[in-house]
Amino acid sequence: MKDSLIVLSGGMDSVTLLHSQRDRIALALTFDYGSNHNAREIACARENCLALGIEHIVIGLDFFAQYFKSSLLEGADAIPEGGYDDSNMKSTVVPFRNGIMLSIACGIAESRGLKQVMLASHSGDHSIYPDCRPGFVEAMDRAMKEGTYEGIGIFAPFTKLGKADIARIGAESGVDFSRTYSCYKGGEKHCGKCGTCRERQEAFKAAGIEDPTLYE
């Protein structure tokens, strides 16, 4: 039964969730908020939805770049290189991004008669991004249920899983990881140096899966 909407970035986490839950997903939403890598991610999101026959909508959030402070919105040179950890990646936080996106997704889900919103946040995000942590997801789930007639909830099955776990699930679900994008610099090829590239490399290695990514 297709009763769900997914927030789909086009990265390996959300594309894995898309494929693993494809029988339940009626609609995928991708948000164009002006990040360095948005264009690359949107192309991947569109390609995967087309392959699965799932409706895909891109929603513009132009005001992010105007009012929000984050290195994700300031060009490739602003993205730190090195490990995926709090001290190095904190500048990439886009304040309350998931809260805003989930609110919009919730309204669309209720308008479409859908029952839940799927989110692919995982344990590796917790130390860096406050709006990916279990407490936030649980609180937002309660707020959405309280604020909708149909009690729209959040389904976030990766919350306690690591990136390597997601890579394994993706491989089992038939994901072509070459059709996903992770690099925060947003180049034609993954830079291989920023935190998200390094996290991606480490996930494939830990999962024992060949990395099909093209790096600079």
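Helix axes here are lines fitted to C-alpha atoms over the stretch in contact, and angles run from 0 to 180 degrees between N-to-C directions. Helices (H or I, at least four residues) and strands (E, at least two) are DSSP runs, numbered from the N terminus. The model is predicted: local features need pLDDT of at least 70, side-chain atom pairs count only at pLDDT 80 or more, and totals for chains, interfaces and linings use all residues. Residues are numbered from 1 along each chain as its sequence is written, and side-chain values use heavy atoms, with hydrogens and water left out.

**Helix 5 and helix 6**

- Helix 5 covers residues 97-111 and helix 6 covers residues 134-146; they pack at about 30°, with axes 11 Å apart.
- Helix 5 brings Asn98, Gly99, Leu102, Ser103 and Cys106 to the contact, and helix 6 brings Phe136, Met140 and Met144. Contact means heavy atoms within 4.5 Å.
- By class, this contact of helix 5 with helix 6 has five nonpolar, three polar and no charged residues. Ala, Val, Leu, Ile, Met, Phe, Trp, Tyr, Cys and Pro count as nonpolar, Asp, Glu, Lys and Arg as charged, and the others, Gly among them, as polar.

**Around phenylalanine 136**

- Phenylalanine 136 lies in helix 6.
- Phenylalanine 136 is buried, with a relative accessible area of 13%. Buried means under 20%, exposed over 50%, and partly exposed in between (1.4 Å probe, protein chains only).
- Beyond four places in sequence, phenylalanine 136 is in contact with Phe96, Asn98, Gly99, Leu102, Pro130 and Asp131.
- Aspartate 131 sits in the loop between strand 4 (116-118) and helix 6. Aspartate 131 is buried too, at 8% relative accessible area.
- Leaving aside neighbours within four places, aspartate 131 touches Val94, Phe96, Arg97, Asn98, Gly99 and Phe136.
- Aspartate 131 and arginine 97 are 34 residues apart in sequence, yet 7.3 Å apart in space, C-alpha to C-alpha.
- Phenylalanine 96 belongs to the loop between helix 4 (86-89) and helix 5. Phenylalanine 96 is partly exposed, with a relative accessible area of 48%.
- The phi of phenylalanine 96 is positive, about 55°, although this residue is not a glycine. Most residues other than glycine have a negative phi.

**Helix 7 and its cover**

- Buried residues in helix 7 are Lys163, Ala164, Ile166, Ala167 and Gly170.
- They cover an arc of only 155° around the axis, so they sit on the same side of helix 7. The arc is that of the directions from the helix axis to the C-beta atoms.
- Helix 1 (12-20) and helix 8 are included in what covers these residues.
- The axes of helix 7 and helix 8 come within 8 Å and cross at roughly 65°. Helix 7 passes helix 8 in a right-handed crossing.
- Lys163, Ala164, Ala167 and Arg168 of helix 7 make this contact with Glu199, Ala203, Phe204, Ala206 and Ala207 of helix 8.
- The residues of the contact of helix 7 with helix 8 divide into six nonpolar, no polar and three charged.

**Beyond helix 7 and helix 8**

- Serine 173 is in the loop between helix 7 (163-172) and helix 8 (195-207). Serine 173 is buried, at 17% relative accessible area.
- Not counting residues up to four places away, serine 173 touches His19, Ser20 and Arg22.
- Glycine 174 follows helix 7 and has a positive phi, near 85°.
- Tyrosine 215 is in the segment after helix 8. Tyrosine 215 is partly exposed, with a relative accessible area of 22%.
- Not counting residues up to four places away, tyrosine 215 touches Lys189, His190, Gly192, Cys197, Arg200 and Gln201.

**Helix 1 and helix 2**

- The axes of helix 1 and helix 2 (residues 38-52) come within 11 Å and cross at roughly 10°. That makes helix 1 roughly parallel to helix 2.
- Val15, Leu18 and His19 of helix 1 meet Asn48, Cys49 and Leu52 of helix 2.
- This contact of helix 1 with helix 2 has four nonpolar, two polar and no charged residues.

Note on methods:
A crossing is left-handed if the near helix is turned anticlockwise from the far one by less than a right angle, and right-handed if clockwise. Angles under 35 degrees count as roughly parallel, over 145 as roughly antiparallel, 65 to 115 as roughly perpendicular and the rest as oblique.
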